[in-house]
Structures are given as structure tokens and as C-alpha cells.
There are 2 protein chains.
Amino acid sequence: MVKERTATILSIGDELLIGQTINTNAGWIGEQLSLIGIRPVRVVTIRDDRQEILDALGSMSSDVMLITGGLGPTKDDITKHTLCTFFNTRLVRHPHIEARIAAFFESVGREPLEVNRAQADLPESCTVVPNDRGTASGMWFERDGRVFVSMPGVPYEMKAMMELHVLPELKRYFQPPTIIHRTIMTTGLGESHLAQRIAAWEDSLVEEDIKLAYLPSPGLVKLRLSTYAGSDATSARTRVDGKAEQLYRLIPELIFGEGEDRLELVVGRMLKERRSTLSIAESCTGGYVSHLITSVPGSSAYYVGGVVSYANAVKMEELGIPADMLELEGAVSKAVVERMAIGVRNALRTTWSIALSGVAGPDGGTPEKPVGTVWLAIAGPDGVRSVMGHFPGTRELVIKRSALAALNMLRKAMLDGVLSRPMVDENL
Amino acid sequence: MVKERTATILSIGDELLIGQTINTNAGWIGEQLSLIGIRPVRVVTIRDDRQEILDALGSMSSDVMLITGGLGPTKDDITKHTLCTFFNTRLVRHPHIEARIAAFFESVGREPLEVNRAQADLPESCTVVPNDRGTASGMWFERDGRVFVSMPGVPYEMKAMMELHVLPELKRYFQPPTIIHRTIMTTGLGESHLAQRIAAWEDSLVEEDIKLAYLPSPGLVKLRLSTYAGSDATSARTRVDGKAEQLYRLIPELIFGEGEDRLELVVGRMLKERRSTLSIAESCTGGYVSHLITSVPGSSAYYVGGVVSYANAVKMEELGIPADMLELEGAVSKAVVERMAIGVRNALRTTWSIALSGVAGPDGGTPEKPVGTVWLAIAGPDGVRSVMGHFPGTRELVIKRSALAALNMLRKAMLDGVLSRPMVDENL
């Protein structure tokens, strides 16, 4: 067995300590390290302060330290000079980096100032790590078999530097055991119910030496399968794929994708492939479902538009809901949500439509329809289907969870091809 | 001058290191400490591991350490037992805490298990800190004039514990210098342009011994004024208020609120006070403006509804935009966005309306209308007013920034009472 390698993440910046910026870099870096088989054991956040940086560098006891922050044109003296002190080296100007900085400024029609050019002053003994998205270079140092990498704190720049340069180089340097992963995205069941449903399958993972992690977020649970590959990556891949396949057979209706898939991406892809179009009528979610759908670049290829029918008058006029139906059944009802779906689909002449009507809270709940009660409907070529959900949590969470449930309902309707429930009259 | 007190935040949890959960607690705690005059100097995140916890406790060099995590019913052995080791004490059952735990379970109709009751086993030498929102108690230890507080990692529970018990107790214990704050929310100018605009005023803060921090986020810049009160809090308050008043006179159109205000809350409050109603027609923002407005509890009092007119057909049919106007001017144009605003206001019979039409990207830009070009319009009792903006950044940022710009435009229109631009015909 190869020795497990460990990592410390050092985040530098006053703004992180006083809560002005949330430290999202550390979590992202930790995840990326785990994925290549290096274990993050500690994150330390400190001020832009020479002595604090020296203390943190000196007390590092992992195989690798990844440092972010303190490299901007106004702050760079602190981190760079402190690294020079720690590694007994000095800053020298790197002409090819200076040329890149000048080119970067020219490309946006500006003249680089001396503070910008000074970003090409880098420690003599380090290996410079290219920054493909900005002007602050990274620095790679080695000492006694340990590695220290300093990167900018801007997430967009740091991530590119990690993916293109640092992670591949760490793999080469430490040769950590290869880990085979698959991350399967599920929706429709909470973590504990999902765990119950797949308990026997989960137990069977042990004999294949596969680990399972539940990664829940509102409305979703990611299932991450992982195993060490040893010397035979192909057989490890086969083991993981075999178990993933069993999972697909076990909970086909709950799985909507893998890896970085989001439900709105998957639904968008399916609509596009089928050359289908979508319209949306929202009440309690107030535009959030439309926002999710249109957050995907290119969504205008299938999303035609929608109506946010917050007031009953809009439900009546824009969606053709009869006044007596609203009065008899209430806005949060099977009858109304189905008419909303049919109404918006007819008005905008789309293949599919989604409708939601519910009680997002915190007020407006009743004993019969408590906060979190949401009716969801999908209308399609074969009619309309609806279901009532009870979504827990705050107003924000009810909105998020019911929106994801509606997208998942549309996904399933497209997979099935037809709607199984009885139709209601589409021609209002 | 009172000695400045410092704090270290210790976050315990494997899930934080591998990026499964983002450490939002540490930033929040850091902000709260800053606000009462205790300076956060270090955040350390470690695994649920006895030796790691002991090392972190032993190397603490601040006046106070705030510890979160590792107190759940399944994990509590680690943190609690390690604290007992470090403080040379032992766990004893606290009957009144056990009674509270039992009552908590009864209130949700369940029987407490022994693992739940065991949460009443707490170190003999600590002061128990009540958890008003859960069953894991906090623990307050003192040693050599230093304070260690252990709290649960669930943000909702930890925040209540901090606000109700820990922060007041820290103030009493350390008597940090009182800090007087005002946080003024601005929108409409980026950080660097804003800094230019208020440079002279900012320079004048020095003589009043007031510090200014710029806290930017997409579309917004918070300005935080703060000063030490010394022994005379009233005079410090007067100093800060005087400078805030000057700022209000300097940039009245950029300030929309203070403290925790969000633009959608402010606009909602103004609509409610004026008994006015709102409708929204969105194209490039795809429902995001409606989502912001309806994220506010009680927004149904003023928000009637909206149309997401992604396809041109919807702009024509639902909003009454003439086909030749769309063809001649293009969907992203002054003429179209004004008609959208008028169309939705007429259709839904509201006091005010907002309309947006633009290029969110990443595709769809042209040399004349590059990505980030967004036309914004407000229609009201006196007609319609529109403006074109160029919003930088990714698709997500263009959507966020233009949505906030539209809300700010509505806010200003309500303040002015009338629209200053020439009217166009409202009766399409």
C-alpha cells in the first residue's frame, strides 16, 4: 500500500477573518485534493501579516501546503517577500512573465503600470506556475520532500491554475494512489430515506472495497462511489461501474445525472434533443423555476417563456382559470394547478409546461394546507399530471425544493414519453 | 487605550476539509467578533480527531477560542472527551439539561434515545451554555485568563447560542472597547468609481477617528463606518452619525438602506407603504427579478405577477409588442423594453412595472450590442422611463447586476414620485 499523503491549506487574507469574504477556495481545494488521493487534514486562515505567514509555513507538518491569497498588485510584497525569507531566496524579474503581463494589459487596451510589471518579480528559487487567467503568477517550492505552492486568491484564477498545472504536477510528484470515482446525482428522496432504500446495496459495497459518501444539499443528494485503484485501474473502474449499474437499476427514477450535472442542465439537454419547447406558470415559486431554466446558456433554444401568477387575477386572466374554480378549490389545489399548466401551454404553444401553486410561508398556512404544501403539474402532448408535495424548511427552502421537484417531474414525464394520469380537457 | 483582544476560531469536521460543507460559520463568527471589538486573527479547520483537537487547543495563543462542530449525538465523544482531557475534568450528567432534552423530544412527539440523553453528559468544570434551538449544549471554559467556548456546528443553533449567550458574556468578561458602527448600503457604482466620488469625504474621516471599509459584492457596495467609543459612546455615535449624514447628502441616489437591508426588501417596503402594486416583464433575466421580489415574505401584498418573455412570440402576444418593432429595433432596444413595461403594467393593472431586455451571454452578442448590454425600463402613473446598461461578467453576474439595477431604478422612480423622461403612449 502506498503511503497516504496529507495536505494543509493556508488561506491568507484579513477579509476572510472578518467574514467579508467566505472562504470557498479552501473547500474547493480540499475536494480536488481528495479526488486525486491526497488527504486534506488542516485549513488555516490568517491575516496578511509577515510573522503569521512565517509561523504557518514553519509549523507545516503535511506533505504539501497549498497557499492562496496575498498576491494582488497592492499586497504582493507581503506573501512574496515572506516566501523569499522562508526559502532563503530573493526576488528577480522574470522577463517572459513581464512580457505576458504587458500583453495581457495591451489586450484590454491599457498600459501596464510599474505595480503591474512588478508582478513579474518572483523568487529566484521557485518554479513559476503560469496564471492563464490573470497577472499574478503562482510559485512552487520544494524543501525536504515537501511541496509549498502559492496561488492567487481570486477563485477563477486559482481554479485554472490548480486544474491545469498544480494538480497534474502534484500527481506526478507524489504519485498518490489512483482513486476511481463516480458521483451519481439523485433527487426525490431525502438522505435518510434514500439510505434506507439502498441499504442492502450499500452493504454489498464492502466486498468490492468501494466507499460510499452521501453529499446532501437542499433537494438533492449526491452519492459518491470511490475505490483505490492499486496497480490495475481498469479492474477498479469495472468494480465501480458494476455497482453504479446496480444502483441505476435500483433507483432509476431518482437518478438524474452524474458529476457536475444540475437538474436544469439535464432537463434543458433533454428538451433540446427532443426539439421540444417549455413554458412555465409559477405562483409560490415566484419566478425561481424560470430563473433556473434560464441560468443555462442557450436555454432560449427551448424555453419560450412563462407567467408568474402571484395574484389570483393573473391566474384568471393570463391563464384562463375560472373564478369559481379559484373560489371553490382555492389557488393551492389540484384543479387550479392543472389549469395553470394547460393555460400556459396553450397560450405559449409549447410541447411541455410546468405549473406550481403552493404555500411558501412563513405566513399563509392553514391546518389543511400548511406551509410547505405545493401542488405541481406538468402538461404535455398527452394531457396533464399533478401531484402534491410537502416541502420542509424556510420560505427559501420550500421555493428551492419545490422548483427542483417540478424539474424532476418534467424529466420523468419526458423519459416516460406519455403521461400516465387521466387527461383533462386541454381546450379551455 | 484598552488592550486589543484577539480570537481564534476552531472549526472541527471532516466534511469541511473535503469541501462537502463550506465553512460559513467561521466567517459569521469572525464578523460578530469584529463588531464587538474582538479581533479574529486565525481560523483553523481540523478533522474530528482527538490528537488534532488537543494540538489545536494547546497551541492557542489568543484571548478567546471559539470552537464549532463535533457535538452531534453520534460524534460527541470526540470533542467532549477531548475537552475533558485538556481541562482535567470529567463528564457528569446535568439533570436539568437532560430534562430539557426529554422535553424537546416530547414536543416533536418522539421518545429520546439514550444517545440523546447522553447529550446531558457535560464536563464538570465548564459553564453550560444553553442551546435554545437544539439538544447539544455549549461549554464555556476559562484558563489563565483565556476563554474557550465549544458550540454545535449547525449554523442555526450556533448563531442563537452566540447572539443570546456567548457574545454578551464575552463583552462582560473582556470588556472590549465599544465600537460604534453604521453600515450603509449602496448600489449603482462599482467600488473604484465610488471611492473616487467620495474621496474627499473619506479623507475627512481621519480627523474624526472613523474608519471606513468597502465591502463589495456583485451589484452592491456596503460602506461600513466604525470608531472606538472610548468612555463616551454618545459622542462617538454623534461623530459617526454626522459623517453618515454627509454621505447621504453626497450620494443620495446611491444609498438604498443600512445594515441588513436588501434592495428587494427596501423596494417591497416602499411599495407597501404607498399601497402600490408591481408587475414585471423579463427577458434576459429570465425570472430572476420576480424571484428576488417574491423571496420577501408577504410580497403578495404588492406583487401581482409577471411575464417571462423569452421568445419574441411571447413579447408580441402577451405584452403587445408590434412585430415590426421587434424586427426594426431588435428585442434589445429602447422601444421594445418600454413597450414591455407598458404592456405588462396595462395587462396586470399595476401602479408600477419593471421590464428588462438584454444579452446575458455567453452567446448572442454583436458588435453593436455586446454581451452585458441590457435595456431597463420602469413604467408608472406618469409614463415610462428607460436606460441602457453595460453589465460586466459571466451570464450569472449580468443577470444579477441588471436585476439589482432595475430594482434600484424602481426605488428612485418611487422616491421622485414622477418620471422625468417624456411619456410614450400608454394605451396600446
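Which residues in α2(B) meet which residues in α7(B)? The points below concern a predicted model and take up this contact after the overall arrangement.

1. Chain B superposes on chain A with an RMSD of 0.3 Å, through a turn of 180° and a shift of 0.2 Å along the axis. The two chains are therefore related as by a two-fold axis. Both copies use the same surface, since 100% of the contact residues of chain B recur in chain A.

2. An open, mixed sheet of 12 strands runs in the order β6(A)-β7(A)-β8(A)-β3(A)-β1(A)-β2(A)-β2(B)-β1(B)-β3(B)-β8(B)-β7(B)-β6(B). Its edges are formed by β6 (127–129) of chain A and β6 (127–129) of chain B, each of which pairs on one side only. On average, neighbouring strands are turned by 20° against each other, direction ignored.

3. Within chain B, β7 (residues 138–143) and β8 (residues 146–151) pair in the antiparallel sense over 5 bridges. In this pair, B:Glu142 stands opposite B:Val147 of β8(B).

4. In chain A, helix α3 (residues 50–58) lies across β1 (5–12), β2 (38–46) and β8 (146–151), and runs at about 160° to β2(A).

5. Returning to the opening question, B:Thr24, B:Asn25, B:Trp28, B:Ile29 and B:Gln32 of α2(B) meet B:Pro155, B:Met158, B:Lys159, B:Met162 and B:Leu167 of α7(B). By class, this contact has 6 nonpolar, 3 polar and 1 charged residues.

6. The axes of α2 (residues 24–35) and α7 (residues 155–174) of chain B come within 11 Å and cross at roughly 20°, so α2(B) is roughly parallel to α7(B). The crossing of α2(B) past α7(B) is right-handed.

Conventions:
Residues are numbered from 1 along each chain as its sequence is written. Chains are lettered from A and ligands numbered from 1 in the order in which they are written. This is a predicted model: local features need pLDDT of at least 70, side-chain atom pairs count only at pLDDT 80 or more; totals for chains, interfaces and linings use all residues. Two strands pair if DSSP finds at least two bridges between them. Helices (H or I, at least four residues) and strands (E, at least two) are DSSP runs, numbered from the N terminus. Axes are lines fitted to C-alpha atoms, for helices over the stretch in contact, and angles run from 0 to 180 degrees between N-to-C directions. Two residues are in contact if their C-beta atoms, placed from the backbone, lie within 7 Å. Copies are superposed by least squares on the C-alpha atoms of residues with pLDDT of at least 70 in both. Angles under 35 degrees count as roughly parallel, over 145 as roughly antiparallel, 65 to 115 as roughly perpendicular and the rest as oblique. A crossing is left-handed if the near helix is turned anticlockwise from the far one by less than a right angle, and right-handed if clockwise. Ala, Val, Leu, Ile, Met, Phe, Trp, Tyr, Cys and Pro count as nonpolar, Asp, Glu, Lys and Arg as charged, and the others, Gly among them, as polar.
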